[in-house]
Amino acid sequence: MEEFWLRGPINGIPALLMPVAHALLQAREEVSTLMEGFPDKLLWERPSGVASVGFHLQHLAGVADRLFTYAKGEALNSAQLKALASEKEAPHPGCEANELISRFNEQVDNCLEQLKAIEEQSLAEPRVVGRTKLPSTVIGLLVHTAEHTLRHVGQLLVTVRIIKDTQS
């Protein structure tokens with residue numbers, strides 16, 4: 001199957017935001033394929049000290065949520081700040097990969113709905129990021145979400161392969 005950017009437009013997504021939607025959908029597809037059969041007991045392993053699979057899965061959902069919040073012109077709420085602080089840890093004992101994958105999939109759906117509601121003329125509007133209010137724009141935050149997501153999918157891919165190879 002072709003990568004998402006070669007599958008055509010997505011209904012309801014503004015043309016200028018189509019690359020962001022394609023990247024998020026590509027990430028979701030790759031994560032689902034990559035994680036098939038991954039043992040839950042290895043979610044928090046850190047081979048050679050790299051970030052765990054569990055971290056990447058939580059971070060994928062969390063960073064998309066946070067960056068899209070900033071794109072709306074809002075500050076992070078207490079739940080988002082708490083989630084950020086705990087991404088390196090299991091959200092609860094016995095956490096399963098399917099839970100974390102589902103959370104990421106739901107966040108991608110949320111992002112797609114938000115993209116549908118964005119007016120293209122608002123893309124250059126200024127936005128601020130974080131407590132120090134670093135400058136960005138709506139389009140800057142959305143594009144960064146796409147590239148940051150794909151960067152972590154790449155890191156996840158390597159970590160999963162290393163863990164699977166050491167278990168063989």
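**Close-up views of a predicted model**

View 1. The backbone of S48 has a phi near 55°, which is a positive value in a residue other than glycine.

**View 2. K133 in the loop between the two strands.** The strand β1 covers residues 126–129 and the strand β2 covers residues 134–137, and K133 is found in the loop between them. With a relative accessible area of 56%, K133 is exposed. K133 is also a residue other than glycine with a positive phi, and the value is near 55°.

**View 3. The largest nonpolar core.** In soluble globular proteins, nonpolar side chains tend to be buried together. The largest nonpolar core here has 47 residues, and those that touch the most other members are V31, M35, V53, L57, L115, L142 and L156. At least two residues of this core are supplied by each of α1 (18–34), α2 (53–71), α4 (97–117) and α5 (138–167). Among the contributors, α2 gives the largest share of the core, with 10 residues.

**View 4. The surroundings of L115.** L115 belongs to the group of core residues that touch the most other members. When its neighbours within four places in sequence are left aside, L115 is in contact with I13, P14, L17, V20, A21, F68 and L142. One of these partners, L142, is likewise listed among the core residues that touch the most other members.

**View 5. The whole chain, for orientation.** The protein chain has 5 helices and 2 strands, and, read from the N terminus on, its elements follow the order α-α-α-α-β-β-α. The radius of gyration is 16 Å, close to the 15 Å that the globule rule gives for 168 residues, so the chain is as compact as a globular protein of that length. Along its principal axes, the C-alpha trace spans about 50 × 40 × 25 Å. Of the 168 residues, 43% count as buried. Among contacts between residues at least 6 apart in sequence, 71% join residues that are at least 24 apart.

**View 6. The surface and the charges.** The accessible surface of the protein chain comes to about 9300 Å², and 55% of this surface belongs to carbon and sulfur atoms. The chain carries 16 positive and 21 negative charges, whose mean positions lie 6 Å apart.

Key:
Residues are numbered from 1 along each chain as its sequence is written. This is a predicted model: local features need pLDDT of at least 70, side-chain atom pairs count only at pLDDT 80 or more; totals for chains, interfaces and linings use all residues. Side-chain values use heavy atoms; hydrogens and water are left out. A nonpolar core is a set of buried Ala, Val, Leu, Ile, Met, Phe, Trp, Tyr and Cys residues joined through side-chain atoms within 4.5 Å. Buried means under 20% relative accessible area, exposed over 50%, partly exposed in between (1.4 Å probe, protein chains only). Helices (H or I, at least four residues) and strands (E, at least two) are DSSP runs, numbered from the N terminus. Contact means heavy atoms within 4.5 Å. The radius of gyration is taken over C-alpha atoms; the globule rule is 2.2 Å times the number of residues to the power 0.38. Accessible areas come from the Shrake-Rupley method with a 1.4 Å probe; for residues, only the protein chains shown count as cover. Lys and Arg count as positive and Asp and Glu as negative; His and the chain ends are not counted. The place of a charge is taken as NZ of Lys, CZ of Arg, CG of Asp or CD of Glu.
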